[in-house]
2 protein chains.
Amino acid sequence: MGSHLDTVIDAGIYDGCYGVLSGLEVIETLKSAGFVPARAVAVATFTNEEGVRYAPDMMGSLVYAGGLSVEEALATVSTDGSILGRELQRIGYDGSEKPGFRKPHAYIELHIEQGPVLEREGVPIGAVQNVQGISWQRVIIEGDANHAGTTPMSMRRDAGHAAARVVAFLRDRARNSNTPTVATVGCMSFEPNVINVIPSRATFTVDLRDPDEQRLQAEERAIAAYLNELATAEGVTISVERLARFEPVTFDETIVHLVEEAASKRGLASKRMTSGAGHDAQMIARIAPSAMVFVPSIGGISHSPREYTPDADLVSGANILLDVVTRLAAR
Amino acid sequence: MGSHLDTVIDAGIYDGCYGVLSGLEVIETLKSAGFVPARAVAVATFTNEEGVRYAPDMMGSLVYAGGLSVEEALATVSTDGSILGRELQRIGYDGSEKPGFRKPHAYIELHIEQGPVLEREGVPIGAVQNVQGISWQRVIIEGDANHAGTTPMSMRRDAGHAAARVVAFLRDRARNSNTPTVATVGCMSFEPNVINVIPSRATFTVDLRDPDEQRLQAEERAIAAYLNELATAEGVTISVERLARFEPVTFDETIVHLVEEAASKRGLASKRMTSGAGHDAQMIARIAPSAMVFVPSIGGISHSPREYTPDADLVSGANILLDVVTRLAAR
């Protein structure tokens with residue numbers, strides 16, 4: 001096999017699209033080269049990897065790997081009130097195959113890093129060996145709506161203020177630790193959300209990640225303890241709902257090594273790394289040997305119109321995918 | 001005049017309605033008693049006293065007193081995008097009289113306290129001698145939307161976290177002072193408001209009140225200084241828009257004294273007090289001698305379905321209004 005890709009994947013690379021388009025390019029290249037695989041090669045794309053409208057994220061691959069029933073997944077209600085199963089029917093993506101109908105011999109996923117490490121270190125290929133654990137929670141704090149002008153500071157039960165304390169606590173704790181723990185409050189809303197009324201309710205999300213399961217659990221306990229203290233100190237009521245929880249995942253050493261070898265043969269530097277984001281590969285790792293290839297994200301930016309990876313890096317990543325798929329399909 | 005009111009004002013007393021209904025009751029009582037006033041007595045109600053959809057609050061009385069042009073007021077755009085002038089036309093409240101067409105000899109406003117003081121002290125009548133100054137600002141903080149899993153804590157420009165710091169700063173500063181200063185963040189929104197994305201923008205309001213103008217200015221300077229520090233420390237961009245600003249107002253001593261006298265004659269305890277909330281009376285005070293009467297708010301609750309004042313207190317307040325109007329209209 002002397003084949004390689006030299007076409008730039010020229011669609012918008014918005015996150016996962018890059019992997020899918022590269023997969024199709026790999027299959028076309030294998031066909032053109034007359035390669036006869038020992039095993040079938042397929043390109044997969046899963047429903048609802050992001051989890052923005054429907055929680056949890058990586059839902060399709062989780063269902064495929066048997067971690068969530070298809071009935072439960074299809075009944076999920078979105079942030080705008082729609083139901084996943086009905087929406088899939090509406091757009092014609094409600095397939096008839098059973099989840100997990102094809103159990104792969106091996107699974108490899110190509111993705112932009114979505115973080116700043118590869119660019120900062122000048123390394124074009126990431127050989128992803130594991131994925132952080134993810135804990136998603138929704139927190140609701142309830143206090144008393146009251147008049148902003150007439151209620152003395154000492155007599156308030158201000159849900160918005162209590163929520164702000166949690167945001168500050170999470171950031172200080174994660175920032176001041178020596179661990180790779182990251183904590184983010186991405187969603188926040190106040191009720192009644194009126195300028196001269198003390199908020200009676202604040203609803204927000206907590207996204208907590210760590211590559212170490214014990215540490216992730218310790219962080220979850222620390223948040224729970226802080227919320228308890230805060231409820232007492234501020235006279236507010238706090239409830240917590242778990243939205244998603246995935247343990248850290250270790251990828252298949254053989255495939256990670258194939259990625260490193262492929263990079264080395266093409267004269268490309270590579271780096272073993274942890275994925276900060278969640279990916280479908282971590283779900284499929286439950287049922288098949290899996291790993292990932294990363295390419296640099298300029299400025300670490302993703303989930304933004306400013307997301308960018310240089311053409312040369314996109315082609316390099318697709319070529320590594322080609323090489324690894326060739327090796328995996330040949331035996 | 002031996003007349004008095006003995007009817008409970010039995011409509012929902014939601015905030016300003018109590019004053020208007022009592023005013024109508026006063027006029028009916030004066031008529032029934034055959035009272036011939038030396039001056040015309042009118043019940044007034046002003047457009048947009050709350051300022052929830054259209055800023056600033058107390059807009060109608062501000063325009064009436066010449067503090068804002070009627071053209072500017074009618075062009076105000078609401079939180080839902082509608083224009084005040086068109087909305088007034090639509091509901092048939094776009095009158096033809098010029099603002100300030102009738103300059104009152106005296107102005108008196110009856111209102112629930114909306115605070116906890118009268119109830120706590122067991123005093124049925126508040127003789128309101130002044131009103132806190134009010135400063136309303138909208139703050140917009142801009143950072144970088146980025147991936148919650150892949151962006152190390154040290155490399156974030158988190159607009160939501162910066163906003164939370166401001167909420168905590170305001171509350172700590174007001175709570176730890178020995179002054180009556182109150183500070184409230186009632187509105188808050190994050191963008192893009194997605195669970196796994198660091199907020200790129202946080203928009204919130206600051207409601208700051210103090211009966212002393214010098215202190216109110218000092219608080220405004222302290223917030224501005226904190227926002228400057230925060231912008232540097234967090235690498236975020238902060239812009240501030242002034243939504244409303246009213247200096248503290250001192251009411252007319254003669255009318256305040258009439259309120260005290262009326263209470264005393266009816267055997268009711270009264271208390272001189274400061275209004276924590278803004279009221280139309282503070283605008284009309286610019287063009288005519290003005291004052292207010294307060295009745296207790298149970299639990300200090302207002303702007304809530306749980307707002308409540310016992311019937312006896314409602315009747316007492318309306319009787320004080322009757323007595324003071326009788327005195328003011330007789331000379």
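**Figure 1. The shared surface through which chains A and B meet in the predicted model.** Of the interface residues of chain B, 100% are also interface residues in chain A, so the two copies meet through the same surface. The contact involves 60 residues of chain B and 60 residues of chain A. In chain B, the residues that lose the most area to chain A are B:Met153, B:Arg171 and B:Ile195, which together account for 15% of what that side buries. The area buried between the two chains is about 5,100 Å², and carbon and sulfur atoms give 57% of this area.

**Figure 2. The rotation that relates chain B to chain A.** Chain B is superposed on chain A by a rotation of 180° with 0.0 Å of shift along its axis, at an RMSD of 0.1 Å. The two copies are thus related as by a two-fold rotation axis. Among the residues of chain B, B:Ala164 comes closest to this rotation axis, its C-alpha lying at 2.2 Å.

**Figure 3. Polar contacts and secondary structure elements at the interface.** Between chain B and chain A, 20 residue pairs are in polar contact, with both residues at pLDDT 80 or more. On the side of chain B that touches chain A, at least two residues each are supplied by helix 6 (159–175), strand 4 (182–184), strand 5 (188–191) and strand 6 (201–210) of chain B. Helix 6 of chain B gives the most to this side, with 10 residues. By class, the side of chain B that touches chain A comprises 25 nonpolar, 22 polar and 13 charged residues.

**Figure 4. Salt bridges between the chains, with A:Arg165 and B:Asp172 as one of the pairs.** The count of salt bridges between chain B and chain A is 6. In one of them, the side chains of A:Arg165 and B:Asp172 meet with an N to O distance of 2.3 Å. Over all chains, the structure holds 42 salt bridges.

**Figure 5. The salt bridge between A:Asp144 and A:Arg157 within chain A.** The closest N and O atoms of A:Asp144 and A:Arg157 are 3.0 Å apart. This pair links distant parts of the chain, its members being 13 residues apart. A:Asp144 is placed in the loop between strand 3 (133–142) and strand 4 (146–147) of chain A, whereas A:Arg157 is placed in the loop between strand 4 and helix 6 (159–176) of chain A. Both residues are partly exposed: the relative accessible area is 23% for A:Asp144 and 27% for A:Arg157.

**Figure 6. The salt bridge between B:Asp144 and A:Arg306.** B:Asp144 and A:Arg306 form a salt bridge in which the closest N and O atoms are 3.3 Å apart. B:Asp144 lies in the loop between strand 3 (133–142) and helix 6 of chain B, and A:Arg306 in the loop between strand 12 (290–295) and helix 10 (311–329) of chain A, so the pair joins two chains. B:Asp144 is partly exposed, with a relative accessible area of 24%. A:Arg306 is also partly exposed, with a relative accessible area of 48%.

**Figure 7. B:Arg157 as a partner of B:Asp144 within chain B.** A salt bridge connects B:Arg157 with B:Asp144, the closest N and O atoms being 3.0 Å apart. Both B:Arg157 and B:Asp144 are located in the loop between strand 3 and helix 6 of chain B, 13 residues apart. B:Arg157 counts as partly exposed, at 27% relative accessibility. Elsewhere, in chain A, salt bridges that share partners join A:Arg53, A:Asp80, A:Glu87 and A:Arg90 into one network.

**Figure 8. The surroundings of B:Leu68.** B:Leu68 is situated in the loop between helix 2 (59–64) and helix 3 (70–74) of chain B. B:Leu68 is buried, with a relative accessible area of 16%. When its neighbours within four places in sequence are left aside, B:Leu68 is in contact with B:Met59, B:Leu62, B:Val63 and B:Ala73. B:His105 is 37 residues from B:Leu68 in sequence, and the two are 22 Å apart in space, C-alpha to C-alpha.

Figure 9. Among contacts in chain A between residues at least 6 apart in sequence, 79% join residues at least 24 apart.

Key:
Residues numbered from 1 in each chain as written. Chains lettered and ligands numbered in written order. Predicted model: local features only at pLDDT ≥ 70, side-chain atom pairs only at ≥ 80, totals over all residues. Heavy atoms only, no water. Least-squares fit on C-alpha atoms with pLDDT ≥ 70 in both. Contact = heavy atoms within 4.5 Å. Buried area = accessible area lost by both parts, 1.4 Å probe. Salt bridge = Lys/Arg side-chain N within 4 Å of Asp/Glu carboxyl O. Polar contact = N/O pair within 3.5 Å; in protein donor to acceptor, adjacent residues only side chain to side chain. Helix = DSSP H or I, 4+ residues; strand = E, 2+ residues; numbered from the N terminus. Nonpolar A, V, L, I, M, F, W, Y, C, P; charged D, E, K, R; others polar. Buried < 20%, exposed > 50% of the residue type's maximum accessible area, 1.4 Å probe, protein only.
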